[in-house]
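Subject: Two-chain model for you

Hello,

Here is the structure I promised to pass on. Please open it next to this note; my findings follow below.

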Amino acid sequence: MEHESLAGRIFRGVALTLILVFFMFPIAWILLMSFQTNEQILRIPPRLLFEPTLANYEALISGQLHTAAGNLEITFMRNLWNSLVLSSGAVALALLLGVPAAYAFARFKFRLGETIAFTLLSFRFAPPLLVLLPLSLYYQELGLNDTYFGIVWVYQLIALPLILWIVRGYFEDISPDIEHAYRLAGHSWREAFTRIAVPLAGPGIAAAGLLSFIFCWNNFVFALILASADKQPVTVGALAFVTASGIQYGQIAAAIVLSVTPTLLLALYAQRYLVEGLSLGAVKG
Amino acid sequence: MAGLEIKSVTKVFGAVRTADSLSLVVEPGEIVAVFGPSGGGKTVLLRMIAGMFEPDEGDILVGGRSIVGALPERRGIGMAFQNFALFPHMTARDNIASGLRAKGRADAASRVQAISRLLKIEHVLGHMPRELSNGQKQRTALARALIGNPDVLLLDDPLRNVDAKLRYEMRLELPSLLRRGTAAVLYVTQDYREAMAIADRIAVLVGGRLEQIASPDEIYLSPASVAVARLFGDPSINLAETTPLVEHGTLFAAISGARMPLGMADTLPADRPYWLGVRPEDLGISFSAGEDAMPARVLAITPMHEKAVLLLRFEDGKEWLAALRPDALNVVADDAVFVRFAQEAVQLFDRETGLRVSLSHRRQAA
């Protein structure tokens, strides 16, 4: 540890606090909003002290939205469930396809290998709107419109390149000699892949899986066009809060809190493995 | 039947012949060191035997059976890697046992115990590779290679990454460890001392070609070519260009102001250019001039405890090294001295081919 002057430590503390406040403020504000009614939120000036209410959460969970214009059915919990199914399904499929593909790209040199890998990556920087119209036409013909599988499939455009490129780097960092040693000990290449390469790239696979889960979770346009109400994720479902009688800020805030929670929990859980992966420094001999 | 037989194996990478028609036989229980400068093709040879590359031409046989094209796991080969290549997510015990587990052996635990006792790593069997010292890692890797009693054992410079003290220890231990089974051992090294200490025979691999395959003594005393002579010995052999002259039926080499007798004139054509080589330890230093002595100046003396290395400059500007016992040393830097060497110490190599030319006195001695 290098020595730091008192002034330096204070300055660092202040700077960290400022950055933290800057980034955390919107989240904290939304958390506060989710416990307030629309009237409390729209009060000017806004107050930090208020009577907390669980009405927003009740409305979301029961599916009954009370507005000035009367009761409104909302399918928020259904949307949350859809998000969960779609994102986990997409990540599971992308891992199943992407991890072996990443291994192939890392270990074997083949004709057009780099071209194929780069083409897959280029899906990430093509604007989704460009492909949406033809895609929705194809989907209608194929009967994939408004199916879970159809959306999981289109989410591969998001998840697959991410997993492929992140995991490939991790596989490349593993000395091929480690796998050679395992094979010479009498194991097939399949065993070398599942028992050596995959466990050693584990942290990378976890990180890539987590990232692509977040990207899938946050996706809006694909599901907006390709899914109808009962298959739509939270990102699209949140539109329902813009009602004829106004915008339901309280419910939106509560919906945000609820929809952030699964990703946050997953990130906290996966963090353990990510850190473990970083300390697994023995890969290089 | 030979343990390992390599038959005119050739491997070409791009325009480089990394292995150029290599042939080598290793008997069961024999240790052959593959020695040569880096980039000479040693590792590629090992990797072709292990099945990571296939040779372009030629054949590799283990126990009389060709293994070219066979899967690595079916070749019956144990290998220790230069970078250890331990499985970082398994304990030392699981690393060592991995070879046995594949064959589903019931006595795995006792065999791991036995081999780790032999290699003195019993106390760290429960540790992960990252918790092991380099020496322990290296012993674990050796145990993993040895445990399955393979027909062929490949060691890729296993002492490269361990410290000097441990390297000495292992040089003493390794020969008996490796001879325990009936494996044909191929031991790759870049250190000629290690090759001489461990191996029954040394195969000198330079630029993808096997220059010489012989016992350590033979390689040191009669290297097949000037390239081999240069690789063995520290300090390395002194060389001088010379075109020998014949006088009264005797061959002389005129080098650096002296006429050195080489032997009988009928033994080799005199009008050709040769390399004359003399090992530093075969040089004698004195203050008495003579026709057979090369006048020189001592430029520097490096004491190395068991010997002193003298840097000598002759009148023609050529520089040679002499290695002397310190107690025989009675010169100081900048002294003018005379350098002699015995006829028997001379090695002659053809300048064009680099190949060794035998001299008459050797034939008489033999």
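Ala33(B) touches Tyr187(B), Thr189(B), Ala195(B), Ile198(B), Ala199(B), Ile202(B) and Ala203(B), leaving aside residues up to four places away in sequence. Touching, or contact, means that C-beta atoms placed from the backbone lie within 7 Å. The model is predicted: local features need pLDDT of at least 70, side-chain atom pairs count only at pLDDT 80 or more, and totals for chains, interfaces and linings use all residues. Residues are numbered from 1 along each chain as its sequence is written, while chains are lettered from A and ligands numbered from 1 in the order in which they are written.

Cores. The largest nonpolar core has 144 residues, and Val32(B), Ala33(B) and Tyr187(B) touch the most other members. Such a core is a set of buried Ala, Val, Leu, Ile, Met, Phe, Trp, Tyr and Cys residues joined through C-beta atoms within 7 Å. Buried means 20 or more other C-beta atoms within 10 Å of a residue's own, exposed means 12 or fewer, and partly exposed lies in between; C-beta atoms are placed from the backbone. Helix 7 (residues 148-173) of chain A gives this core the most, 13 residues. Helices (H or I, at least four residues) and strands (E, at least two) are DSSP runs, numbered from the N terminus. A second, separate core has 13 residues, including Leu80(A) and Phe241(A).

Chain A. Chain A has 13 helices and 4 strands. Of its 285 residues, 31% are buried.

Interface. The contact takes 22 residues from chain B and 20 residues from chain A. On the chain B side, strand 6 (77-80) and helix 2 (92-102) are the elements that give two or more residues.

Backbone. Most residues other than glycine have a negative phi, and most peptide bonds are trans. The bond from Ile44(A) to Pro45(A) is cis, with omega near -5°. Pro45(A) sits in the loop between helix 2 (38-42) and helix 3 (55-62) of chain A. Asp234(B) to Pro235(B) is also a cis bond, with omega near 0°. Leu112(A) has a positive phi of about 65°. Leu112(A) is exposed, with 8 other C-beta atoms within 10 Å. Ser21(B), in strand 2 (residues 16-26) of chain B, has a phi near 50°.

Best wishes

Technical notes: Two residues are in contact if their C-beta atoms, placed from the backbone, lie within 7 Å.
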